[in-house]
Amino acid sequence: MTSAREEAAARAEGHSPFLRESLRANSSLGSTFLKMGSRKAVELALSASGDEIGATLRIQRNGLALAVALGDLAGELPLESVTESLSEFADGAIDRALRAAIAERVPGADASGFVVIAMGKLGSRELNYSSDVDLILLFDPARLAKRERDDAGEAAVRVGRRMIELLQKRTADGYVVRVDLRLRPSPEVTPIVLPVEAALSHYESSALPWERAAFIRARACAGDIALGESFLKAIEPFVWRRSLDFGVIDEVRAISARIRDHFAQGARIGPGYDLKRGRGGIREIEFFVQIQQMIHGGRDSSVRRGATLDAIAALVAAGRLDEATAGELSSDYRLLRTIEHRLQMVEDAQTHMLPLDQSALDNVAQLHGLEDGEELVQLLAPAVERAGAIFDGLAPDGQGQLSGDPDILGHELAAMGYAEPAGAARHVADWRSGRARSLRSPAAQQAFESMLPGLMRAIAVGADPDHALNRLGDIVERLSTGVNFFRLLQARPALGRLLAKILAHAPTLADQLARRPELFEGLFDASSFEMPPPAEEFAVLLGAAMRGHPYDVALDRARHLVNERRFALGVQLIDGHRDPLEVALGYARVAEGTLQALTALAAAEFESAHGGFENGGELVILGLGRLGGCALTHASDLDIIYLHSALPDTRSNGARPLGPNDYFNRLASRVTAALSVPTAAGPLYEVDTRLRPEGATGMLIVSLEAFEQYQRSNAWTWEHMALCRARPVFGSPAIRGRASAIIDAILNMDHDTAKVVTDAAKMRGEMERHKPPQSALDVKLGPGGLVDLEFAVHVLQLTRKTAFDPRLEQAIATLVDEGFVDKSVASAQKLLTRMLVMMRLVAPGDVKPTAATWQLVAEACGAASWDELLAQHDAARQSIRQVWDSIRKEAAR
């Protein structure tokens, strides 16, 4: 008979690509689990080590994720043990990363004067299987270890940045945890590490109601624990108010309404249901419990528990919650969190949504040990309904008094076209309450009221007014001052209509705007709708903006400027201002120019310590994929390969000389961090270096000679296919010329036609199995999609030795001219690329656009209607499928 452990391992192998790869990479850990159980496997995982602190933490994290998952699947570890194990490791990892960051700057110093406050699920020791950690970083200027001439604030920020880099930078070993610092006071304007006294001043004078609820789960988790505990003790009167007055009750009811409106409108159990934010989901259970704690915790300290299940038990013991309700909430919470973990185990992704695709939903169900997705939904439905009904009891009794008579406003909103005027009225009432910082002054309120009717009318005719109002609410809440912003929208109605269009159709842009409302200011000038200059010119502009600033400040300035450009390009798509193909080129120009400017910045900083190579050794970067092909989308990663030209037995000429391997590997890591690590100014690009020789297991950077030898002797067919879209994007003209010559020589080698065709067909089949299309409209991965087209083009390029242009459009044009493909393929490539660029913006992830959004996509792609675009789309994919099928048939002969 198969044991529970064997069955768990089999389910992990069969239904989780992430766990399957982890089992293969950690075979000894899998064997330990099967023979000795999950707790021994956890001990083994935490005993692993690497060459340095970052590698050790990543190796331990990967092993722990596998051991905990197997124990969870086998039923050996209950939910509390799973979350506690993950949380304890995160605590230790954060502490070790912090101490390492301090020691790098002040050798021998301890963490006195620097504390990490854990918030959210880490604060309550309920960390998810794949979760961000919400942190607040605080320091005491009088006690912080720093260099003699350092400013305490700048030193603390540098330590914080380094700690974050050690934790979340992706390396060949993966990452440790993703860090989210947005729960600190006024995150849009404050540094990432705050003085303790400044934080205390904020919470004593200007904190918002939601911050009370957030601190219910707060605790000091790393660094100077005593400093953290004294801070939390000092803000207890803010979190736990002894007097239960009408204001507290009003806060509770208002927050309850916003939670339901903002995240759960129309959400019902089934495919696409959000386990975290949906009606009756995890967040509603947690918030129900926190509300009881906010009401009773001021007078009864026994209910001040961080963990949700512990808090439920404490409320029952204190007579604040009946046992029947508590039992339902506890069992429902355990089930929802367990299935949430199953979702996250599949790809180690921070997701909470049941897949829309039936096969993906079945896969999650089978990972849990069920027959199919339908059985999973049936398992969840009673729990969701119970939790939703319990949370319903917190909803406000009425809509509130608005200008004397709420019915008048409701009729006005209905006349504007709002299908649910009551929900829209609640938003208006919330804004008029004055809770938002941007609406606290009389001048701001007057300006807001003046522009509101026009903006509400514009939103009403958009695709999804309710969601648009939610995003507008985020913007209103995050604006530090709204007077000028609101006055401008009143004076220029066209900008109001543009804002409404962004809110209604582009969730990615709306989310950016909610985080940084000042992005909209960049649209006030008509120059924001111009195409970005060529990459080299953009690099010069970016370099000038960074010049003269400290390294970390320069990175922030780059992120501000680059994200403003990317935001403006996205707006051009939404506004129909420019062809999506032109915008794809614009995205690529910005990305390449950014890569050039930040690489130069990182190299100059690195050379100040380590010098350069007198023999002319230097860095060259190849761009591949969409970067190489000059056609990025809003969501594209940067596919790059690092190479260098230094001679093997030389050393750099700086104060701390290094050999070529150490020098260029460290420099390449700094370049990757400059491009990818989020700073106070936000994220920039994801960098993918897996196309380098030997992939993720190979060196981050090799010499040009080693690269050429590998490509000639050891490379797989797919690596030569990838080179078809490769070109140098950084380096001196001389080294770029050398790299280009190597690429040309490799591509023009004699390739065995039968082998290329067979390998390509086999690899495409593997992709179809491991990365299937997300929907019938997946123009990239679906049959006859862009991936099929790229495979076909690269096979023809290698086997016919022609059309070697990294720009796919130009390569296809040459193949058409030479008679290898029909001209319809060129039109198909342009159409599907336009659709891809648009859909990455309007339909990211599991977002389901409305009919009005699909119409916008159709018009951007040159069609009169969505139905017309679908017909063109079907024809385009058919023409591509014919080309690829003919190549696959050749492989089958």
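**Exercise 1. How many of the 20 residues of α37 are buried?**

Solution. The model is a predicted one.
- Step 1: Locate the element. Helix α37 covers residues 823-842 and has 20 residues.
- Step 2: Count the covered positions. In α37, 14 of the 20 residues are buried, so that by the cut-off of under 20% relative accessible area the helix is mostly covered.
- Step 3: Check the length. From the first C-alpha to the last, α37 reaches 29 Å, close to the 28 Å expected at 1.5 Å a residue.

**Exercise 2. Describe the lining of the second largest pocket, by residue class and by element.**

Solution. 
- Step 1: Begin with the volume, which is about 630 Å³ for the second largest pocket.
- Step 2: List the lining. It is made of 30 residues, and Gly 123, Ile 216, Arg 305, Gly 306 and Ala 307 lie nearest the pocket centre.
- Step 3: Assign elements. Two or more lining residues come from each of α6 (79-105), β5 (219-223), α11 (225-234), α12 (236-239), α15 (308-317) and α16 (323-347).
- Step 4: Find the main contributor. Helix α6 gives four residues, the largest share of the lining.
- Step 5: Sort by class. The lining holds 13 charged, twelve nonpolar and five polar residues.

**Exercise 3. Is Asp 91 buried or exposed, and with which residues beyond its sequence neighbours is Asp 91 in contact?**

Solution. 
- Step 1: Asp 91 belongs to helix α6.
- Step 2: Apply the cut-off. The relative accessibility of Asp 91 is 14%, under 20%, and therefore Asp 91 counts as buried.
- Step 3: Read the contacts. With neighbours within four places in sequence left aside, Asp 91 touches Leu 122, Arg 219, Cys 221 and Ala 222.
- Step 4: Follow Ala 222 into its strand. Ala 222 is in β5, where it stands opposite Val 116.
- Step 5: Identify the pairing. Strand β1 (residues 114-118) runs antiparallel to β5, with four bridges between the two.
- Step 6: Check the burial of the strand. Five of the five residues of β5 are buried.

**Exercise 4. Why does Arg 337 count as buried, and which residues are in contact with Arg 337 when sequence neighbours are left aside?**

Solution. 
- Step 1: Arg 337 is part of helix α16.
- Step 2: Apply the cut-off. Arg 337 counts as buried because its relative accessibility is 0%, under the 20% limit.
- Step 3: Read the contacts. Outside the four places in sequence on either side, Arg 337 contacts Leu 79, Thr 83, Lys 121, Glu 126, Leu 127, Asn 128 and Ile 282.

Note on methods:
Residues numbered from 1 in each chain as written. Predicted model: local features only at pLDDT ≥ 70, side-chain atom pairs only at ≥ 80, totals over all residues. Heavy atoms only, no water. 1 Å grid on protein atoms, 1.4 Å probe; cavity = no way out; pocket = protein on both sides within 12 Å on 5 of 7 lines; lining within 4 Å. Points joined across faces, edges and corners; volume = space filled by probe spheres on them. Nonpolar A, V, L, I, M, F, W, Y, C, P; charged D, E, K, R; others polar. Buried < 20%, exposed > 50% of the residue type's maximum accessible area, 1.4 Å probe, protein only. Contact = heavy atoms within 4.5 Å. Pairing = 2+ DSSP bridges. Expected span 1.5 Å × (residues − 1).
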